[in-house]
Amino acid sequence: MNLNWQFIIDSLPLYREAAWTTLKLGFWGILFSLMIGFICSIVLYFKVKVLKTIVHIYIELSRNTPLLIQLFFLYFGLTKVGIALTETACAIIGLSFLGGSYMAEAFRSGFEAVSKTQIESGLSIGLSKTQLVRYVVLPQAFSVSIPSIGANCIFLLKETSIVGAIAVVDLMNVTKDLIGMYYQTLEALLMLVVIYLVMILPLSLILTWLERKVRYAEFGN
Amino acid sequence: MHKEANEVLLEIKGLFKKYDDMTVLDDVNLSINKGEVVVILGPSGCGKSTLLRCLNGLEKIQGGDIRYRNKSLVDKDVNWQEIRQHIGMVFQNYELFSHMTVIENILLGPVKVQKRDKNEVMEQANQLLDRVGLLDRKDSYPRQLSGGQKQRIAIVRALCMNPEIMLFDEVTASLDPEMVREVLDVILGLAKQGMTMLIVTHELSFARAVADKIVFIDKGKICEISDPDEFFTHPKTERAQHFLNKFQY
């Protein structure tokens with residue numbers, strides 16, 4: 001197999017820049033997803049009237065439609081009604097819209113795993129509702145949710161690969177351009193795979209480490 | 001054991017409790033004096049545990065009154081967070097916080113709820129842990145302890161709040177037989193110190209040894225309240241006789 005190494009070296013700067021874009025999108029997407037997910041799960045856990053229904057509708061809408069279509073709506077659809085967002089903004093909003101519902105479900109499963117008797121035990125030593133949530137419910141919920149939260153983070157970072165469809169110059173987009181211009185298909189794709197691995201593997205390892213640390217108390221190793 | 005000044009700590013008057021259509025407690029009247037050990041006996045599902053849970057504000061009641069130091073606990077504006085610091089409770093399944101070490105479990109209430117000095121509580125916790133023979137387990141997680149150990153820790157956790165009354169809800173019911181004793185010994189020790197206690201149990205010989213007063217409940221009603229020796233030798237009601245017979249082989 002003869003790889004064109006000169007081509008690989010020459011296109012490195014382009015990839016580096018695109019990787020940076022992908023990481024930024026991933027970072028903001030994951031961060032907002034966590035925030036949205038957390039708020040939604042709190043609404044569901046405390047069964048807040050009206051908001052609860054809105055959250056349910058949001059979750060179903062977000063989980064049962066493809067990200068690509070959500071992005072098209074944000075990028076092409078909203079322009080038609082006079083809201084013009086930059087492609088980066090659309091990408092981050094799209095990712096957060098999708099990720100938020102996945103994170104909400106992850107958090108919710110954690111909340112639901114906290115047993116009623118642990119809550120009563122907290123009440124019996126005089127904890128207030130806020131203290132109960134802070135010292136008992138959240139830590140226990142988190143240690144149950146953390147594996148799915150981690151999986152969602154990786155999933156979202158990988159999902160960034162379709163934002164090229166709305167003209168964001170991410171890794172996928174750069175790769176397609178290079179293939180189109182130079183026909184160095186194999187080299188371009190190989191670099192794409194390697195760069196995704198270089199980004200996601202450390203994230204995976206960090207998450208595994210975090211998971212162990214958080215779950216040690218309740219589940220051991 | 002102790003019958004000191006007849007200062008009434010807890011008074012239950014005409015307590016009525018139902019789940020949906022099922023009446024669980026029906027016109028329960030009982031008063032507990034300071035330093036008194038009251039053991040509640042009765043067949044499964046008779047409402048014993050529910051009664052204890054009502055006294056800790058874990059169940060809403062539909063009628064009657066519960067008074068602690070002559071203050072009603074039925075009013076809407078009752079501050080249970082305050083009351084629960086005086087009425088400690090230990091559960092059948094220990095319910096230590098699974099994500100915290102033993103010492104963290106014990107410190108949580110005194111430090112966060114009662115805002116006491118951490119070092120002072122730590123000292124008290126060490127003493128109590130030492131007394132139940134578990135000082136060396138203070139940095140363990142609950143999953144690393146046996147049932148009997150967990151239950152002794154749960155008792156220490158409740159005691160560290162310096163409660164005036166302790167409620168024990170079938171605290172040995174989930175334990176292996178050889179671990180029952182270590183927990184009962186701790187409770188017996190508390191009785192000797194004059195702790196006011198309300199104990200729900202199925203351990204009859206323990207009940208006889210520890211109780212100042214036996215309350216026998218059946219189908220949500222108090223059938224009899226007697227002196228322990230009298231209850232075990234000459235139960236007044238037929239239902240109590242029937243209940244006691246079931247325990248004899």
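Reader: Taking contact to mean heavy atoms within 4.5 Å, how many residues of chain B are in contact with chain A?

Author: This is a predicted model, in which local features need pLDDT of at least 70 and side-chain atom pairs count only at pLDDT 80 or more, while totals for chains, interfaces and linings use all residues. Residues are numbered from 1 along each chain as its sequence is written, chains are lettered from A and ligands numbered from 1 in the order in which they are written, and side-chain values use heavy atoms, with hydrogens and water left out. On the side of chain A there are 23 residues in contact, and the number in chain B is 24.

Reader: Which three residues supply 29% of the area that chain A buries against chain B?

Author: Buried area is the accessible area (1.4 Å probe) that two parts lose on being put together, summed over both, and between chain A and chain B this comes to about 2100 Å², with 55% from carbon and sulfur atoms. The share of 29%, more than any other three residues of chain A supply, belongs to Ser124(A), Ile125(A) and Tyr135(A).

Reader: Which residue of chain A meets Arg53(B) in a salt bridge?

Author: A salt bridge requires a side-chain nitrogen of Lys or Arg within 4 Å of a carboxyl oxygen of Asp or Glu, and by this rule 1 is found across the interface of chain A and chain B. With 2.6 Å from N to O, the side chain that meets Arg53(B) is that of Glu120(A).

Terms used: Contact means heavy atoms within 4.5 Å.
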